[in-house]
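Colleague: Could we go through the salt bridges of this model together? Please begin with the conventions that apply.

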Amino acid sequence: MRYKGIIFDLDGVICSTDEYHYQAWKALANEIGASEFSRADNARQRGVSRMESLEVVLEKAPKVYTEAEKQALADHKNKLYQGLLANMSPADLSGEVRQTLDTLRGRGLLLAIGSSSKNAPLILERIGLRNYFDQVADGNQITRSKPHPEVFLLAARLLGLEPRDCLVVEDAEAGIEAGQRGGFDTAGIGPAAECGRAAYELRCFSDLLTIAKSS
């Protein structure tokens, strides 16, 4: 088997909190008079950092904010988002994802999370996977967000593996670019499967079983 480990982005791959993100950003946008913020704008926030996402919202805002004010807005959005995450439960983890992960583990593959989100530990706890993965690299441990490969390089290092030994699974084009820049093979699911850049295009999460078996 070629791959010794698989590194997963969390949001949009293992589970989806897209709607919670949108609701939190939309609430913030309405508060600051940027009510024209739309789902199309929200799609542009996929795979980038919280501060970069905030800039998308501020494009619609009627005033210019200082850096300190921007940080306060980002913190406020995160509190709104964390409040919405309280609605998550193990029911938000699909049976297909859980069965696929169990099968991959049964084949001896090491599994890690590589997420730019600082909320990754909270999300994993809410869906019942807090101690499931061999390693978790998240936004609390890195300084550069995707498309920089830092989070994936950290995850590989924590697993004790080289990038060439790992497959990165992503739902965002920025994540695919990050994986490639780090020297990883990449598998795209959802929007990332349509960007034409991933080595593998997943129609569904369980397609990983074929890739891992044939590799």
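Modeller: Arg-197 is partly exposed, with a relative accessible area of 32%; here buried means under 20%, exposed over 50% and partly exposed in between, with a 1.4 Å probe and protein chains only. This is a predicted model, in which local features need pLDDT of at least 70 and side-chain atom pairs count only at pLDDT 80 or more, while totals for chains, interfaces and linings use all residues. Residues are numbered from 1 along each chain as its sequence is written, and side-chain values use heavy atoms, leaving out hydrogens and water.

Colleague: Which residue forms a salt bridge with Arg-197?

Modeller: A salt bridge requires a side-chain nitrogen of Lys or Arg within 4 Å of a carboxyl oxygen of Asp or Glu. For Arg-197, the closest N and O atoms of the pair are 3.8 Å apart. The partner is Glu-177.

Colleague: How many residues apart in sequence are the parts that Asp-41 and Lys-60 tie together?

Modeller: The side chains of Asp-41 and Lys-60 meet in a salt bridge at 3.6 Å, N to O. Helices are DSSP runs of H or I with at least four residues, numbered from the N terminus. Asp-41 lies in helix 2 (residues 39-43) and Lys-60 in the loop between helix 3 (50-58) and helix 4 (67-85), so the separation is 19 residues.

Colleague: Is Glu-150 buried or exposed?

Modeller: Glu-150 pairs with Arg-144 in a salt bridge, with 3.5 Å between the closest N and O atoms. Arg-144 has a relative accessible area of 44% and is partly exposed. Glu-150, at 15%, is buried.

Definitions and conventions: Helices (H or I, at least four residues) and strands (E, at least two) are DSSP runs, numbered from the N terminus.
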